[in-house]
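Morning, everyone. Please bring up the sequence and the model, and we will walk through them together.

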Amino acid sequence: MDYKIALIRGDGIGPEVVGEAVKVLNKIGEKFGHTFTYTDVLLGGCAIDACGKPFPDDTEEKCKACDAVLLGAVGGPKWDSCPADIRPEKGLLAIRKALGLYANLRPATLRPALADASPLKKETVDKGIDLMMVRELTGGIYFGKRDRYETEDRGTECTDLMAYSEKEIERIGRRAFELARLRRKKVTSVDKANVLETSRLWRSVMHKLAEEYSDVEYSDMLVDNTAMQIVRDPSQFDVVVTENMFGDILSDEASMVTGSIGLLPSASIGDTAPGLYEPIHGSAPDIAGQNKANPIATILSAAMMLRYSFDLMDEAQAIEDAVDAYLNAGYRTADLAGEGVTPLSCTECTEKIIALLK
Ligand code: IPM
Ligand code: MG
């Protein structure tokens with residue numbers, strides 16, 4: 001098969017890590033008899049520099065013509081002083097909306113070889129961490145109406161509206177239950193139903209789904225309690241489903257407890273192609289261009305692309321196994337190399353992983 005992939009190399013270390021993931025994809029193509037064709041498009045800071053907009057129309061058109069999108073990272077201090085609507089982050093939000101990517105899958109998995117990197121106690125980590133955060137990505141406070149106005153006696157006042165419809169909640173809920181069926185069959189739905197009306201609606205829709213998916217174990221959890229539980233005992237979670245902003249915050253927390261942000265991939269998918277795949281980490285401008293970045297999160301994002309967009313399960317597994325073999329062999333890039341370990345460069349890391357591809 002021939003698969004068309006749009007590449008958003010982006011800013012900072014983005015171009016380096018995307019380049020490495022492409023090498024791995026090409027090797028997979030060779031081994032399994034697929035062709036991957038790439039189209040380069042701009043998003044974020046580099047798009048602002050080139051055409052004054054973080055999400056150019058050309059990018060939207062070309063992405064929609066592809067089967068999937070692979071993104072490195074966007075943003076950096078260079079664009080910090082740009083006005084709110086032409087910041088790099090705006091490009092990210094706009095592409096999610098334009099491609100209808102309402103489901104953001106963020107696995108937080110502890111790789112046994114890196115258990116020491118977790119900030120949690122050994123006895124907690126030993127129980128294992130393998131949770132899948134399913135974050136609603138195109139609704140809620142991120143996309144609600146915003147306002148800023150002057151008042152007579154209170155100075156400037158602002159509002160950000162959080163809105164959710166039954167339909168939006170149901171479709172993300174279904175994704176979570178379907179995913180749980182392929183995993184440990186457990187869904188935790190996170191909300192703030194003791195305060196927010198959107199959360200009360202969220203909870204009632206989830207309860208209906210829980211009846212329909214009666215083979216899946218279901219529970220509700222308030223978001224503040226969830227934040228505690230993730231550091232107290234992350235092994236209790238399988239699939240965690242939540243609204244956009246709660247998911248933004250909790251997914252950072254969940255990735256931190258695994259101790260290896262540089263390793264975590266993500267997928268953003270809708271009901272139709274293309275899905276978008278990107279590492280969780282940012283653009284790391286401090287090490288950009290130095291061949292020091294850890295490309296694994298982007299390589300694993302490419303594996304998620306094979307699994308979720310192309311249905312290439314064996315190919316995805318081959319990449320994940322090669323990454324595990326790399327870690328088990330003790331190889332480390334600078335972000336993970338402890339004392340006495342000579343770190344591999346970004347390109348050397350990829351060479352090792354490719355050599356370990358079965
Ligand atoms: C993320 C990021 C983005 C978000 C920012 C950069 C807009 O934090 O993907 O989690 O808040 O969604
Ligand atoms: Mg975030």
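**Rings, cores and a ligand**

Let's start with the rings: seven aromatic pairs are counted here. The rule takes rings of Phe, Tyr and Trp (its six-membered ring) with centres within 6.5 Å; planes under 30 degrees apart are stacked, over 60 edge-to-face, and the rest tilted.

Before the details, some ground rules. This is a predicted model, where local features need pLDDT of at least 70 and side-chain atom pairs count only at pLDDT 80 or more, while totals for chains, interfaces and linings use all residues. Residues are numbered from 1 along each chain as its sequence is written, chains are lettered from A and ligands numbered from 1 in the order in which they are written, and side-chain values use heavy atoms, leaving out hydrogens and water.

Now take Tyr164 and Trp202. Their ring centres are 5.7 Å apart and their planes sit at 75°, so this pair is edge-to-face. Tyr164 is in the loop between strand E7 (156–160) and helix H6 (166–181), and Trp202 is in helix H7 (residues 197–212), so the pair ties together parts 38 residues apart in sequence. Helices (H or I, at least four residues) and strands (E, at least two) are DSSP runs, numbered from the N terminus.

Are these two buried or exposed? Tyr164 is buried at 9% relative accessibility, and Trp202 is buried at 2%. Buried means under 20% relative accessible area, exposed over 50%, and partly exposed in between (1.4 Å probe, protein chains only).

Next pair: Phe177 and Tyr218. These rings are stacked, 5.9 Å centre to centre with 20° between the planes. Phe177 belongs to helix H6 and Tyr218 to strand E9 (residues 217–222), so the pair ties together parts 41 residues apart in sequence. Phe177 is buried, at 0% relative accessibility.

Phe177 takes us to the core. The largest nonpolar core has 63 residues, and Phe177 is among those with the most contacts inside it, as is Leu306. A nonpolar core is a set of buried Ala, Val, Leu, Ile, Met, Phe, Trp, Tyr and Cys residues joined through side-chain atoms within 4.5 Å. Which helix gives the most to this core? Helix H10 (residues 296–308), with eight residues.

Last stop: ligand 1. A polar side-chain atom of Tyr142 is 2.5 Å from an oxygen atom of ligand 1. For Asp248, the corresponding distance is 2.9 Å.

Methods
Polar contact = N/O pair within 3.5 Å; in protein donor to acceptor, adjacent residues only side chain to side chain.
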